[in-house]
Amino acid sequence: MNFLTKETANPSQECVDCIIIPVYENGVFSVSAKQIDDKSSQELTNFLKIGDFTGKLATIEVLYNLSNIVAKRVMLVGCGKQDDFDIERFQRCMTAVGKALKDTTVVQVTSWLGEALDDQIGVVRETVLGLSGSAYSFEYYKSKKDNDAAESSVSVEQVTIVTAANDAYLSQSVGVAEGVELAKNLANHPANVCTPAYLVDVAEDLSNSFDAVSLEVLEEAEMEELGMGAFISVSKGSKLGGKLIVLQYNGADKETPAVALVGKGITFDTGGISLKPGAKMDEMKFDMGGAASVLGTVRAVASMHLPINLVAVVAAAENMPSGHASKPGDIVTSMSGKTIEVLNTDAEGRLVLCDALTYVAKYNPAVVIDIATLTGACIVALGHHISGLVSNDDSLAADIMQAGDMCCDEAWRLPMNAKYTKQLKSEFADLGNIAAGGGGTITAGCFLSEFTKDYTWAHLDIAGTAWKGKAATGRPVPLLTQYLINYSC
Ligand code: BES
Ligand code: MN
Ligand code: ZN
């Protein structure tokens, strides 16, 4: 899908298959709707009089061959109350537009949907993300195209956005969309394909595609030497070797401290000896969603040449039960020197992450953000709309939440204090890997915070947001890239 922007255009003269025009609740015309109405001798007014279409938020009506209108189709998009229309509602409308385009043969569209919004950069981003998202499908493993699916695929090739936003923001948005697509693909692949070694291959692709990106991979032997007993306690149950993948993106001068992203890359989480129940276990192929979002963000940042330095660490391993697997009660020593009693082998994410978080300190990062499908408890707390956030720094937490709000990829901060950390007490070691009592997302965050005391840190729990149904969402690539864009300014 190809995207263009232009500052102004006359909707009645636009020579494309479909123009996208906003209409507010109770049939209140937008500027472009008024232009179409005037030019077509009030055909819009007459249509609205019938009463089927009222401009309710995210409703769609397509009108064909209006008099004196060059475009064959006028897609009216209900935007709700004019005063309430904002970027979040815009996003919902764009999703509806994407769906509506699926049943058409439309190839070129021009959109006026965001004409009234102040946030023109958001209009560009959400148009690009919304329409490329609706065109996305994951059909690598279907031997022949599903007939139903084929019928409803999007044929749009050319999208023109009428906006005051500078062209630079278009390439930025396209970068984000590519990052989202990479993250979705990685997470959607099954665990017999998307293994730790596969994630290494993808990281290698990134370092080959972008001059500013370089790669280093630590194998289990090297991790053992570094004393990463927590990481190894997870990966040793699998036949597949665990990998610590380190990508560096250099967009600023060498002295500038980097932002570090650390992703949980459990390519399949069976629970280990503390085996998970069978229902929905297939979804644990998505347990590398954090890693996918880190790789997607590297891609986005590199393609938009952001003037920052970035260190991206992926802790990639498979959590399997076997004769080599860790057992409940095993005690391991992490790279930090802290000992951990593995009371539940299903709390494996924090074990691979704690060593990755200790390791990343050697880059003296300005900020560290880890991203993980860490706790089922996060779904209980926040459902599937908002990611969980835990941080040791108020201003970093505020910046992350603000970035999320800006791009409709929200995060919400949970508290953290010594009372929760106490719940992680172990009879025999410095820390248990699970906590007594409630607040599972918070106590998981507290566990990680024991390893992040030397730097400014935040943790995103994406257990509820990394996938929806059986499909990866690509979240939180938009949030992370937005945070980094803001950081670079
Ligand atoms: N990957 C899971 C968390 C998860 C579960 C994400 C369901 C999305 C959906 C994680 O490794 C895990 O198993 N966490 C346990 C922790 C518990 C043993 C303290 C959980 O949430 O049940
Ligand atoms: Mn687990
Ligand atoms: Zn897991």
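Glycine 241 is partly exposed, its relative accessible area being 32% (buried means under 20%, exposed over 50%, and partly exposed in between, with a 1.4 Å probe and protein chains only). The residue belongs to the loop between α9 (229-235) and β9 (243-250); helices (H or I, at least four residues) and strands (E, at least two) are DSSP runs, numbered from the N terminus. Apart from neighbours within four places in sequence, glycine 241 is in contact with Pro196 and Glu220, where contact means heavy atoms within 4.5 Å. Between glycine 241 and glutamate 219, 22 residues apart in sequence, the C-alpha to C-alpha distance is 7.3 Å.

## Basis of the values

This is a predicted model, in which local features need pLDDT of at least 70 and side-chain atom pairs count only at pLDDT 80 or more, while totals for chains, interfaces and linings use all residues. Residues are numbered from 1 along each chain as its sequence is written, chains are lettered from A and ligands numbered from 1 in the order in which they are written, and side-chain values use heavy atoms, with hydrogens and water left out.

## The zinc site

Donors are N, O and S atoms within 2.8 Å of the metal (3.2 Å for Na, K and Ca), and since water is not among the atoms, sites may look incomplete. Ideal angles for six octahedral donors are 90 or 180 degrees.

Aspartate 269 coordinates both the zinc ion (ligand 3) and the manganese ion (ligand 2), which are 3.2 Å apart. Because aspartate 269 lies in strand β10 (residues 259-269) and aspartate 287 in the loop between β10 and α10 (289-303), the pair ties together parts that are 18 residues apart in sequence. Aspartate 269 is buried at 3% relative accessibility, and aspartate 287 is buried at 2%.

## Alanine 302 in helix α10

Alanine 302 is located in helix α10 and is buried, with 2% relative accessibility. Leaving aside neighbours within four places in sequence, its contacts are Phe210, Val213 and Tyr249. The C-alpha atoms of alanine 302 and aspartate 287 are separated by 25 Å, the two residues being 15 apart along the chain.

## Backbone features

Most residues other than glycine have a negative phi, and most peptide bonds are trans. Alanine 58 has a positive phi of about 65 degrees; this residue is in the loop between α2 (43-50) and β4 (60-64) and is partly exposed, with a relative accessible area of 28%. Lysine 280 likewise has a positive phi, of about 60 degrees. Lysine 280 is in the loop between β10 and α10 and is exposed at 58% relative accessibility.

A cis peptide bond, with omega about 0 degrees, joins arginine 475 and proline 476. Proline 476 is in the loop between β20 (471-472) and α16 (477-488).
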